[in-house]
Amino acid sequence: MIKIAFFETKEYDKKLFDEYNKKYGYEITYLESRLNAETAPLARGFDVVCIFVNDMVDEKTIKILKECGVKLIALRCAGFNNVDIKHMDKDIKVVRVPAYSPYAVAEHATALLLDLDRKIYKAYQRTKKYNFTLNGLLGFDIHGKTVGVVGTGKIGKCFIDIMKGFGTEIIAYDIYENEQLAKEKGFKYVSLDELYEKSDIISLHCPLTEDNMKMINKNSIEKMKKGVVIINTSRGKLIDTEDLIVELEKGKIGGLGLDVYEDEEEFFLNDMSNSYIRDKDLSTLLSMPNVVITSHQAFFTKEALNKIASDTCENIKDIFEKGECVNEVK
Ligand code: NAI
């Protein structure tokens, strides 16, 4: 029987995987710990480690997993920037779930944008207290604005469709331009600089790589329009948080919607409300009036969770039965 060490388990993971596993019969051990070099010895005797966005598989972790006899790392997410693929051992395979619901993430990016624009987060607090005034809630029409989309893959495409419905002009940047897609959807590829200069709203939908680490920094923000709204549902390290805070304090950025944060690992997905551990930059961002932060929840819809569970189970089956899988990361 295939033995799986399931790291960073949440109640909803267990419920769904137990349901889907009825068809597969894997022996799953649910662990609350995150996988990293310290916790990797827990994987001894398991064939598979099943991990999520903030588990950290660096070179040292890979060595320990190899010693423990692990043959497969099954990511139950799309991004794999937390796995050091360059140093992966030849005896360990890596699979992921590349597309569980691009709609979930694109819709969440839109929710952040609308929340920021129409100040729903402020209005909610007010009306709860029976305060029905409108001062400070002034928004803007999204219709007619220029939206810059970085990354026109599965999620970027959905986001473009949604933004088209608002009557916006879309410009996009991608390292691989898909001219047919641009024609079909009615948007234009531009350079990153042009995107920064022309966009009223910028939404990030590209993976985190060595090349685009901290791409949103002092220099890029300087090129942007005053009052620009930045939305990041991709990966926190695409943004230099210190530079971002300086620009927010200067009033350059009109709104910031984050579902991911540069140093989210210790905080996101955990209840830290009773802890004294704080992150200075995160606290600064949370204290700002034009910043809305969610805790890596863009993927979190019923449809996406079901697809994650079914595809992860199927990925594991493919690797152990056929020795290969379409969702393998090489
Ligand atoms: P995808 O692989 O379908 O599309 C990514 C696109 O980005 C591709 O067109 C690619 O050519 C482009 N790209 C790659 N490097 C780039 C760069 N340096 N600059 C501009 N474009 C670049 O991926 P998908 O499914 O659209 O996901 C995008 C990202 O969204 C994931 O990598 C992940 O980081 C993030 N994500 C976040 C979730 C959340 O819950 N917040 C959930 C799922 C994904």
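Biologist: How far does a backbone N or O atom of Ile155 lie from an oxygen atom of the ligand?

Modeller: That distance is 2.9 Å. It's a polar contact, meaning a pair of N or O atoms within 3.5 Å; within protein, one must be able to donate a hydrogen and the other to accept it, and residues adjacent in sequence count only if both atoms are side-chain atoms. Bear in mind that this is a predicted model: local features need pLDDT of at least 70, side-chain atom pairs count only at pLDDT 80 or more, and totals for chains, interfaces and linings use all residues. Residues are numbered from 1 along each chain as its sequence is written, and side-chain values use heavy atoms, with hydrogens and water left out.

Biologist: Which residues come nearest to the ligand?

Modeller: Tyr100, Lys154, Ile155, Asp174 and Thr233, out of 24 residues around the ligand. Being near takes a heavy atom within 4 Å.

Biologist: And what does Asp259 do there?

Modeller: A polar side-chain atom of Asp259 lies 3.0 Å from a nitrogen atom of the ligand. For Arg235, a side-chain N or O atom is 3.4 Å from a ligand oxygen.

Biologist: Switching topic: what is the strand order in the open sheet?

Modeller: S8-S7-S6-S9-S10-S11-S12, seven strands with parallel pairing. Strands (E, at least two residues) and helices (H or I, at least four) are DSSP runs numbered from the N terminus, and two strands pair if DSSP finds at least two bridges between them.

Biologist: Why is one side of S8 and of S12 left without a neighbour in the sheet?

Modeller: S8 (188-189) and S12 (291-293) stand at the edges, each with a single partner strand, so one side of each has no neighbour in the sheet.

Biologist: How many bridges join S6 and S7?

Modeller: Five, in the parallel sense, between residues 146-150 and 169-173. Gly148 stands opposite Ile171 in S7.

Biologist: What about helix H5, which of its residues are buried?

Modeller: Gly156, Cys158, Phe159, Ile160 and Met163. Buried means under 20% relative accessible area, exposed over 50%, partly exposed in between, with a 1.4 Å probe and protein chains only. Their cover includes helices H3 and H6 plus strands S6, S7 and S9, by contact, that is, heavy atoms within 4.5 Å.

Biologist: Last one: is Thr312 buried or exposed?

Modeller: Buried, because its relative accessibility is 1%. Thr312 sits in helix H11 (residues 302-322), and its side chain reaches the backbone oxygen of Ile308 at 2.6 Å.
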